[in-house]
Amino acid sequence: MAVQINERVVVLDYGSQYNLLIVRRLREIGAYAELIDPDQSWTQLSQGVPVKAVILSGGPNSVYEAGAPRLPEGLIESGIPVLGICYGMQLLAKELGGQVVASKRREYGPANFRLHHPSPLWNGLAESEPCWMSHGDQVFKLPVGFESLASTDTALAAMGDEKRKIYALQFHPEVTHTPAGKQILRNFVELAGCELSWTAGNFVEASLGEIAQQIGDSRVVCALSGGVDSTVAAVLVHRAIGNRLTCLFVDNGLLRQDEGDQVMSSLSHLGLQVRRINAQERFLSELKGHTEPEIKRKKVGETFIRVFEDQVHELGDVPYLVQGTLYPDVIESGHGGHKKAHNIKTHHNVGGLPEDLTFKLVEPLRQLFKDEVRRVGRELGIDTALLERQPFPGPGMAVRCLGEVREDRLVVLRAADAIVRQELDQLPLQGPGRRPWQYFAALLPVKSVGVQGDARAYAEVVVVRAVYSEDAMTAQVADLDHGLLTRLATRIVNEVSGVSRVVYDITPKPPGTIEWE
């Protein structure tokens, strides 16, 4: 590390899809935090930088399942402050002598918890607060020494042992659906005596040293899409090693309308060496005949690597590949640092990589979320317009063209997507009716009957998706004006040949994902 880290908060990863959100919230507060596998003893966990507090994440297991994750041996005896979340609460209850039972009424989604016992954990909170629940089991009997601190209509919401500074929450304070969650986490790390001094500047400085040490004197190629993640990764690595970095922009035929030219233009002022590679036919050939989303994602991931390998043959000895991988990619692909994490969907740059990968990966943003990456980008001096680009998936239109990916269907999808972006680009950035965080069109593998020009039409269906999100792990549907939705439908059906119907996706994340595949 180039920056001296004096202390840390350890978040034990029990497999929740939200687990790194805990780390993210702590870093926003200013507490340096790391996500750690719990399958080790407290003696092992506490080695190195001093640990000031431990948080037990949620997870998909029941504490009574055979082989369910346990508390690290010696953790409770260490006297370190502990906060359990969801599964972490149930685990504390069971292992400290309480009782956990299957809920008669499961809680998934919004709820309200009411405070009924004072605690430093509640500093700054109202007597009743909204929260986000996601559990099937609940604590039925408290362990000795614990008090009930809060409850919902159906379950114990929080418990605590003030003497030992052990606390637990049934709800998820890390998600935006729990508005007071960050304050609760702040209260916990403050009662644990943590310093609050971690910043994006610290991350940049530390990363430069780590990147230089990892790469040494070698040359490196970077998979550069022109999006926020890969651009920030490229600039960060370039800052560390200079012109030993060559960036490869692959025009894979799965980009949005006119995007290739726009990307090259936006990158021109960053001082990077960028090669543009035309590989449209190669990608479409690999995707031909495939409709299963996981196969499509893996085909795209493997083809990217093969293209990079071909380029390296021309460049000479280049052992390292830079990717703009973020943590949402990692945990949704089931690679979140714990073997019990569930695979939601394979991201092309994680689980989609071929087994015979010859490159050593450099992924400096792997532990960050999108908003953190933007802060790092600002620290690096990258233009705001580039940093505020809405996210675009690595597999591109391949995961927005549901069913088989063919050029004729991509033509339809690009045209519809361009209309969606043209219309929503005009919305204000702030205030009522503000511009969503992400908005796009997807093409469904179904046809619908319509009437066009007094004649029967039987053509494909376009779905419009628009959401607000801060971290890509949760998302709320944008409540678009009805007039805007009508205009989108009218324009797409009238201007895009091959479309007979337009629908609007109103599914939040969870239970849906932002992309359809």
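This is a predicted model: local features need pLDDT of at least 70, side-chain atom pairs count only at pLDDT 80 or more; totals for chains, interfaces and linings use all residues.

Trainee: Okay, what pLDDT does the protein average?

Mentor: Let's take the share of residues before the average. A score of at least 70 is reached by 93% of the residues. Over residues 335-351, though, the pLDDT is below 50, even if that stretch has 73 contacts in the model beyond near neighbours in sequence. The protein's average pLDDT is 89.

Trainee: How many residues are in the largest nonpolar core?

Mentor: Look at who builds it. Helices H8 (280-287), H9 (293-315), H13 (407-424) and H14 (482-495) are among the elements that each supply at least two residues, and so are strands S15 (438-452) and S16 (455-468). Leu254, Phe308, Leu424 and Ile492 have the most contacts inside this core. Its total is 46 residues.

Trainee: Which residues is Phe308 in contact with, leaving aside neighbours within four places in sequence?

Mentor: Phe308 is one of the residues with the most contacts inside the largest core. With its sequence neighbours left aside, Phe308 is in contact with Ala223, Leu248, Val250, Leu321 and Phe359.

Trainee: How far does H9 reach from its first C-alpha to its last?

Mentor: Count the residues: H9 has 23. At 1.5 Å a residue you'd expect 33 Å, and the model comes close to that. Just after H9, Gly316 takes a positive phi of about 105°. As for the reach of H9, it is 33 Å.

Trainee: Is Leu365 buried or exposed?

Mentor: Leu365 is in the loop between strand S14 (360-362) and helix H11 (370-379). Among the residues Leu365 touches are Phe203, Val232, Leu236, Tyr327 and Val373. Buried means under 20% relative accessible area. Leu365 has 0%, so the word is buried.

Trainee: Last one: which cysteine has the sulfur nearest to that of Cys131?

Mentor: A search of the whole structure finds 0 disulfides, and Cys131 is in none. Cys131 counts as buried, at 1% relative accessibility. The nearest cysteine sulfur is 11 Å away, and it belongs to Cys86.

Note on methods: Residues are numbered from 1 along each chain as its sequence is written. Side-chain values use heavy atoms; hydrogens and water are left out. A nonpolar core is a set of buried Ala, Val, Leu, Ile, Met, Phe, Trp, Tyr and Cys residues joined through side-chain atoms within 4.5 Å. Buried means under 20% relative accessible area, exposed over 50%, partly exposed in between (1.4 Å probe, protein chains only). Helices (H or I, at least four residues) and strands (E, at least two) are DSSP runs, numbered from the N terminus. Contact means heavy atoms within 4.5 Å. The expected span of a helix is 1.5 Å times one less than its number of residues. pLDDT is the predictor's confidence in each residue, from 0 to 100. A disulfide is a pair of cysteine sulfur atoms within 2.5 Å.
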